[in-house]
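Student: I have a structure to look at. Can you walk me through it?
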Amino acid sequence: MKKIGTVNNTKRILEENGFFMKKKFGQNFLIDQNILSSIVSKAEINKKVNVIEIGPGIGSLTEHLLENANHVISYEIDNSLIPILTKEFADYDNFTLLNKDILKANIKEDIKTYFKDDLPVYVVANLPYYITTPIIMHLLENVPEIKRYSVMVQLEVADRICANKGGKDYNNLTIAIKYRAQTQKALTVSRNVFMPKPNVDSAVVIFDIYDEKPYNVDDEAFFLRFVKDAFVNRRKTLVNNINNAYKLPKEKLEEILINNNFNPMVRSEALDIEDFILLAKLIKDNL
Ligand code: SAM
(Lines give C-alpha, C1' and ligand atoms only; values in the text may rest on other atoms or scores of the structure.)
Protein backbone atom coordinates (compact mmCIF):
# COMPACT_ATOMS: atom_id res chain seq x y z
CA MET A 1 0.00 0.00 0.00
CA LYS A 2 1.32 3.48 -0.85
CA LYS A 3 -0.25 5.16 2.20
CA ILE A 4 -1.46 8.20 0.30
CA GLY A 5 -3.06 9.71 3.40
CA THR A 6 0.00 11.09 5.18
CA VAL A 7 1.23 14.69 5.34
CA ASN A 8 4.25 14.01 3.15
CA ASN A 9 2.51 11.91 0.52
CA THR A 10 -0.41 14.32 0.27
CA LYS A 11 1.97 17.26 -0.20
CA ARG A 12 3.95 15.32 -2.80
CA ILE A 13 0.89 14.29 -4.81
CA LEU A 14 -0.49 17.85 -4.76
CA GLU A 15 2.86 19.29 -5.86
CA GLU A 16 3.61 16.69 -8.54
CA ASN A 17 0.20 17.29 -10.10
CA GLY A 18 0.00 21.04 -9.58
CA PHE A 19 -3.29 20.48 -7.74
CA PHE A 20 -4.80 23.14 -5.49
CA MET A 21 -7.62 22.18 -3.14
CA LYS A 22 -10.99 23.73 -3.81
CA LYS A 23 -13.05 25.09 -0.96
CA LYS A 24 -16.17 25.11 -3.15
CA PHE A 25 -16.05 21.28 -3.29
CA GLY A 26 -15.42 20.90 0.46
CA GLN A 27 -11.94 19.47 -0.08
CA ASN A 28 -10.30 18.57 3.25
CA PHE A 29 -8.15 15.49 2.79
CA LEU A 30 -7.38 12.93 5.50
CA ILE A 31 -3.68 12.67 6.42
CA ASP A 32 -3.70 10.09 9.23
CA GLN A 33 -3.26 6.38 8.53
CA ASN A 34 -4.59 5.33 11.96
CA ILE A 35 -7.85 7.19 11.42
CA LEU A 36 -8.17 5.78 7.90
CA SER A 37 -7.67 2.22 9.19
CA SER A 38 -10.17 2.81 12.00
CA ILE A 39 -12.83 4.07 9.59
CA VAL A 40 -12.54 0.99 7.39
CA SER A 41 -12.51 -1.32 10.40
CA LYS A 42 -15.55 0.33 12.07
CA ALA A 43 -17.33 0.27 8.71
CA GLU A 44 -16.73 -3.52 8.67
CA ILE A 45 -15.37 -3.55 5.14
CA ASN A 46 -14.17 -6.91 3.85
CA LYS A 47 -14.02 -8.86 0.60
CA LYS A 48 -17.70 -9.82 0.94
CA VAL A 49 -18.82 -6.18 0.64
CA ASN A 50 -19.13 -3.75 -2.29
CA VAL A 51 -18.48 -0.11 -1.45
CA ILE A 52 -19.69 3.22 -2.80
CA GLU A 53 -17.40 6.10 -1.91
CA ILE A 54 -18.42 9.72 -2.35
CA GLY A 55 -15.57 12.15 -2.99
CA PRO A 56 -12.29 10.22 -3.10
CA GLY A 57 -10.16 13.40 -3.27
CA ILE A 58 -6.61 12.18 -3.95
CA GLY A 59 -7.56 8.69 -2.74
CA SER A 60 -6.52 8.55 0.96
CA LEU A 61 -9.60 6.61 2.03
CA THR A 62 -10.09 4.96 -1.38
CA GLU A 63 -6.78 3.15 -1.02
CA HIS A 64 -7.88 1.53 2.26
CA LEU A 65 -11.24 0.63 0.73
CA LEU A 66 -9.63 -0.97 -2.34
CA GLU A 67 -7.36 -3.06 -0.14
CA ASN A 68 -10.26 -4.36 1.95
CA ALA A 69 -13.46 -4.42 -0.15
CA ASN A 70 -14.60 -6.59 -3.04
CA HIS A 71 -15.22 -3.68 -5.42
CA VAL A 72 -15.31 0.11 -4.96
CA ILE A 73 -17.19 2.72 -6.99
CA SER A 74 -15.98 6.25 -6.22
CA TYR A 75 -17.90 9.33 -7.36
CA GLU A 76 -15.77 12.44 -7.73
CA ILE A 77 -17.19 15.75 -9.00
CA ASP A 78 -13.83 17.49 -9.52
CA ASN A 79 -12.49 16.48 -12.95
CA SER A 80 -8.96 17.66 -12.15
CA LEU A 81 -8.70 14.79 -9.61
CA ILE A 82 -9.53 12.10 -12.18
CA PRO A 83 -6.05 11.78 -13.78
CA ILE A 84 -4.44 11.70 -10.31
CA LEU A 85 -6.74 8.91 -9.06
CA THR A 86 -6.46 6.96 -12.32
CA LYS A 87 -2.67 7.01 -12.05
CA GLU A 88 -2.54 6.18 -8.31
CA PHE A 89 -4.88 3.20 -8.63
CA ALA A 90 -3.84 1.83 -12.04
CA ASP A 91 -2.90 -1.49 -10.42
CA TYR A 92 -6.28 -2.18 -8.81
CA ASP A 93 -8.84 -4.14 -10.83
CA ASN A 94 -11.57 -3.67 -8.21
CA PHE A 95 -11.94 0.09 -8.76
CA THR A 96 -14.52 2.07 -10.77
CA LEU A 97 -13.98 5.82 -10.78
CA LEU A 98 -16.89 7.95 -11.96
CA ASN A 99 -16.46 11.65 -12.65
CA LYS A 100 -20.00 12.49 -11.55
CA ASP A 101 -21.87 14.66 -9.08
CA ILE A 102 -23.32 12.15 -6.58
CA LEU A 103 -26.58 14.13 -6.46
CA LYS A 104 -27.07 13.75 -10.22
CA ALA A 105 -25.71 10.26 -10.83
CA ASN A 106 -27.95 7.28 -11.58
CA ILE A 107 -26.58 5.27 -8.67
CA LYS A 108 -28.98 2.34 -9.04
CA GLU A 109 -27.86 1.90 -12.65
CA ASP A 110 -24.18 2.21 -11.68
CA ILE A 111 -24.62 -0.47 -9.00
CA LYS A 112 -26.09 -2.84 -11.62
CA THR A 113 -23.38 -2.05 -14.14
CA TYR A 114 -20.24 -2.12 -12.02
CA PHE A 115 -20.87 -4.44 -9.08
CA LYS A 116 -20.59 -7.82 -10.77
CA ASP A 117 -20.93 -9.83 -7.54
CA ASP A 118 -24.21 -9.81 -5.69
CA LEU A 119 -22.88 -8.62 -2.32
CA PRO A 120 -24.15 -6.11 0.24
CA VAL A 121 -23.56 -2.49 -0.78
CA TYR A 122 -22.09 -0.17 1.85
CA VAL A 123 -21.34 3.55 1.66
CA VAL A 124 -18.08 4.78 3.16
CA ALA A 125 -17.19 8.44 2.75
CA ASN A 126 -15.55 11.50 4.16
CA LEU A 127 -18.39 13.70 2.98
CA PRO A 128 -18.02 17.21 1.57
CA TYR A 129 -19.46 19.30 4.40
CA TYR A 130 -21.31 21.82 2.23
CA ILE A 131 -23.78 19.14 1.09
CA THR A 132 -23.72 16.49 3.83
CA THR A 133 -27.44 16.43 4.52
CA PRO A 134 -28.58 16.53 0.86
CA ILE A 135 -26.25 13.61 0.05
CA ILE A 136 -27.42 11.49 2.99
CA MET A 137 -31.10 12.18 2.30
CA HIS A 138 -30.71 11.63 -1.46
CA LEU A 139 -29.15 8.21 -0.93
CA LEU A 140 -31.57 7.16 1.82
CA GLU A 141 -34.57 8.11 -0.29
CA ASN A 142 -33.40 6.79 -3.64
CA VAL A 143 -30.98 3.90 -3.21
CA PRO A 144 -32.49 1.12 -1.06
CA GLU A 145 -29.67 -1.19 -2.22
CA ILE A 146 -27.37 0.51 0.33
CA LYS A 147 -27.43 -1.44 3.60
CA ARG A 148 -24.88 0.41 5.72
CA TYR A 149 -23.50 3.96 5.79
CA SER A 150 -20.25 4.94 7.51
CA VAL A 151 -19.86 8.64 6.90
CA MET A 152 -17.59 11.31 8.27
CA VAL A 153 -19.55 14.47 9.00
CA GLN A 154 -19.05 17.58 11.14
CA LEU A 155 -19.32 16.73 14.82
CA GLU A 156 -22.38 18.95 15.11
CA VAL A 157 -24.18 17.03 12.35
CA ALA A 158 -23.17 13.71 13.95
CA ASP A 159 -24.73 14.90 17.22
CA ARG A 160 -27.91 15.83 15.37
CA ILE A 161 -28.12 12.46 13.63
CA CYS A 162 -27.59 10.50 16.86
CA ALA A 163 -29.63 12.80 19.14
CA ASN A 164 -32.34 11.67 21.51
CA LYS A 165 -35.63 13.47 21.96
CA GLY A 166 -35.61 16.48 24.23
CA GLY A 167 -32.15 17.74 23.32
CA LYS A 168 -31.15 20.79 21.30
CA ASP A 169 -29.71 18.63 18.53
CA TYR A 170 -32.87 16.60 17.93
CA ASN A 171 -34.59 17.57 14.68
CA ASN A 172 -36.17 16.30 11.48
CA LEU A 173 -32.84 14.91 10.21
CA THR A 174 -32.60 12.78 13.38
CA ILE A 175 -36.05 11.35 12.75
CA ALA A 176 -35.66 10.94 8.97
CA ILE A 177 -32.58 8.78 9.61
CA LYS A 178 -33.66 6.94 12.78
CA TYR A 179 -36.91 5.98 11.11
CA ARG A 180 -34.89 4.04 8.53
CA ALA A 181 -31.80 2.93 10.43
CA GLN A 182 -30.05 2.14 13.66
CA THR A 183 -27.51 4.94 14.21
CA GLN A 184 -24.26 5.16 16.18
CA LYS A 185 -21.48 7.69 16.56
CA ALA A 186 -18.53 5.38 15.92
CA LEU A 187 -15.52 7.67 16.06
CA THR A 188 -14.76 11.29 16.96
CA VAL A 189 -12.10 12.76 14.68
CA SER A 190 -9.94 15.80 15.42
CA ARG A 191 -9.70 18.63 12.89
CA ASN A 192 -5.90 18.13 13.02
CA VAL A 193 -5.99 15.04 10.79
CA PHE A 194 -7.19 16.96 7.72
CA MET A 195 -5.37 19.03 5.15
CA PRO A 196 -6.27 21.87 5.08
CA LYS A 197 -7.41 21.88 8.72
CA PRO A 198 -11.14 22.72 8.98
CA ASN A 199 -12.58 24.95 11.72
CA VAL A 200 -14.50 22.12 13.38
CA ASP A 201 -13.97 18.55 14.57
CA SER A 202 -15.70 15.64 12.87
CA ALA A 203 -17.18 12.26 13.64
CA VAL A 204 -17.93 9.06 11.79
CA VAL A 205 -21.55 8.04 12.10
CA ILE A 206 -22.79 4.63 11.09
CA PHE A 207 -26.36 3.85 10.05
CA ASP A 208 -27.49 0.28 9.64
CA ILE A 209 -30.60 0.27 7.50
CA TYR A 210 -33.43 -1.82 8.96
CA ASP A 211 -34.31 -4.89 6.91
CA GLU A 212 -37.78 -4.33 8.20
CA LYS A 213 -38.64 -1.01 9.81
CA PRO A 214 -39.84 -1.36 13.41
CA TYR A 215 -42.51 1.26 12.66
CA ASN A 216 -45.88 1.00 11.05
CA VAL A 217 -46.60 3.99 8.80
CA ASP A 218 -49.48 4.04 6.25
CA ASP A 219 -48.38 7.08 4.29
CA GLU A 220 -44.61 7.42 4.51
CA ALA A 221 -44.39 10.51 2.28
CA PHE A 222 -46.95 12.34 4.44
CA PHE A 223 -45.24 11.27 7.68
CA LEU A 224 -41.80 12.49 6.51
CA ARG A 225 -43.21 15.79 5.25
CA PHE A 226 -45.08 16.23 8.54
CA VAL A 227 -41.85 15.76 10.53
CA LYS A 228 -40.09 18.34 8.34
CA ASP A 229 -42.94 20.82 8.80
CA ALA A 230 -43.03 20.21 12.54
CA PHE A 231 -39.43 21.44 12.90
CA VAL A 232 -39.60 24.45 10.56
CA ASN A 233 -39.35 26.88 13.48
CA ARG A 234 -37.88 25.45 16.68
CA ARG A 235 -39.08 28.36 18.79
CA LYS A 236 -42.70 27.70 17.88
CA THR A 237 -44.92 25.03 19.37
CA LEU A 238 -45.91 22.04 17.25
CA VAL A 239 -49.39 23.54 16.80
CA ASN A 240 -47.99 26.79 15.43
CA ASN A 241 -45.67 25.02 12.99
CA ILE A 242 -48.39 22.67 11.77
CA ASN A 243 -51.02 25.37 11.67
CA ASN A 244 -48.84 27.28 9.17
CA ALA A 245 -48.13 24.25 7.05
CA TYR A 246 -51.57 22.63 6.87
CA LYS A 247 -53.96 25.54 7.35
CA LEU A 248 -55.94 23.65 9.98
CA PRO A 249 -57.62 25.83 12.65
CA LYS A 250 -55.48 26.06 15.78
CA GLU A 251 -58.40 25.03 17.98
CA LYS A 252 -58.88 21.85 15.98
CA LEU A 253 -55.17 20.99 16.30
CA GLU A 254 -55.20 21.62 20.04
CA GLU A 255 -58.28 19.43 20.38
CA ILE A 256 -56.52 16.58 18.51
CA LEU A 257 -53.51 16.87 20.82
CA ILE A 258 -55.54 17.00 24.04
CA ASN A 259 -57.75 14.07 22.98
CA ASN A 260 -54.61 11.99 22.49
CA ASN A 261 -52.94 12.92 25.77
CA PHE A 262 -50.45 15.45 24.39
CA ASN A 263 -49.87 18.87 25.88
CA PRO A 264 -51.33 21.40 23.36
CA MET A 265 -48.23 23.56 23.90
CA VAL A 266 -45.83 20.69 23.11
CA ARG A 267 -42.73 21.43 21.03
CA SER A 268 -41.51 19.04 18.36
CA GLU A 269 -38.26 18.17 20.15
CA ALA A 270 -40.28 16.54 22.95
CA LEU A 271 -41.88 14.01 20.60
CA ASP A 272 -40.43 10.65 19.60
CA ILE A 273 -40.86 8.81 16.32
CA GLU A 274 -43.95 6.91 17.53
CA ASP A 275 -45.56 10.22 18.57
CA PHE A 276 -44.90 11.70 15.14
CA ILE A 277 -46.32 8.63 13.42
CA LEU A 278 -49.52 8.88 15.46
CA LEU A 279 -49.85 12.65 15.05
CA ALA A 280 -49.19 12.53 11.29
CA LYS A 281 -52.01 10.00 10.93
CA LEU A 282 -54.41 12.04 13.07
CA ILE A 283 -53.66 15.26 11.19
CA LYS A 284 -53.97 13.57 7.82
CA ASP A 285 -57.36 12.12 8.77
CA ASN A 286 -58.54 15.65 9.60
CA LEU A 287 -57.42 17.35 6.37
N1 SAM B 1 -12.07 11.12 0.62
C2 SAM B 1 -11.04 12.15 0.60
C3 SAM B 1 -10.32 12.11 1.94
O4 SAM B 1 -10.92 11.62 2.90
O5 SAM B 1 -9.20 12.59 2.00
C6 SAM B 1 -11.60 13.53 0.30
C7 SAM B 1 -12.77 13.98 1.14
S8 SAM B 1 -13.21 15.66 0.87
C9 SAM B 1 -13.91 16.06 2.45
C10 SAM B 1 -14.71 15.61 -0.11
C11 SAM B 1 -14.54 15.16 -1.56
O12 SAM B 1 -15.84 15.16 -2.17
C13 SAM B 1 -13.68 16.05 -2.45
O14 SAM B 1 -12.80 15.26 -3.19
C15 SAM B 1 -14.67 16.76 -3.37
O16 SAM B 1 -14.14 17.13 -4.60
C17 SAM B 1 -15.76 15.70 -3.49
N18 SAM B 1 -17.11 16.21 -3.83
C19 SAM B 1 -17.67 17.40 -3.47
N20 SAM B 1 -18.92 17.50 -3.91
C21 SAM B 1 -19.20 16.34 -4.57
C22 SAM B 1 -20.34 15.85 -5.27
N23 SAM B 1 -21.47 16.57 -5.37
N24 SAM B 1 -20.28 14.62 -5.85
C25 SAM B 1 -19.12 13.88 -5.78
N26 SAM B 1 -18.02 14.30 -5.12
C27 SAM B 1 -18.04 15.51 -4.53
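Tutor: Start with a term: contact means heavy atoms within 4.5 Å. Helices (H or I, at least four residues) and strands (E, at least two) are DSSP runs, numbered from the N terminus. The model is predicted, with local features needing pLDDT of at least 70, side-chain atom pairs counting only at pLDDT 80 or more, and totals for chains, interfaces and linings using all residues. Residues are numbered from 1 along each chain as its sequence is written, and side-chain values use heavy atoms, leaving out hydrogens and water.

Student: What covers the buried residues of H9?
Tutor: Their cover includes helix H8 (172-178), helix H10 (238-246) and helix H12 (273-285).

Student: And which residues of H9 are buried?
Tutor: In helix H9 (residues 220-230) they are Phe 222, Phe 223, Leu 224, Phe 226, Val 227, Asp 229 and Ala 230. Buried means under 20% relative accessible area, exposed over 50%, partly exposed in between (1.4 Å probe, protein chains only).

Student: New topic. How many aromatic pairs are there?
Tutor: The structure holds 11. Rings of Phe, Tyr and Trp (its six-membered ring) pair if their centres lie within 6.5 Å; planes under 30 degrees apart count as stacked, over 60 as edge-to-face and the rest as tilted.

Student: Why is the pair of Phe 19 and Phe 29 stacked?
Tutor: Their ring centres are 6.5 Å apart and their planes are at 20 degrees, so the pair is stacked.

Student: Are those two buried or exposed?
Tutor: Both Phe 19 and Phe 29 are buried.

Student: Which residues form the aromatic cluster?
Tutor: One cluster is made of Tyr 170, Phe 222, Phe 226, Phe 231, Tyr 246 and Phe 276.
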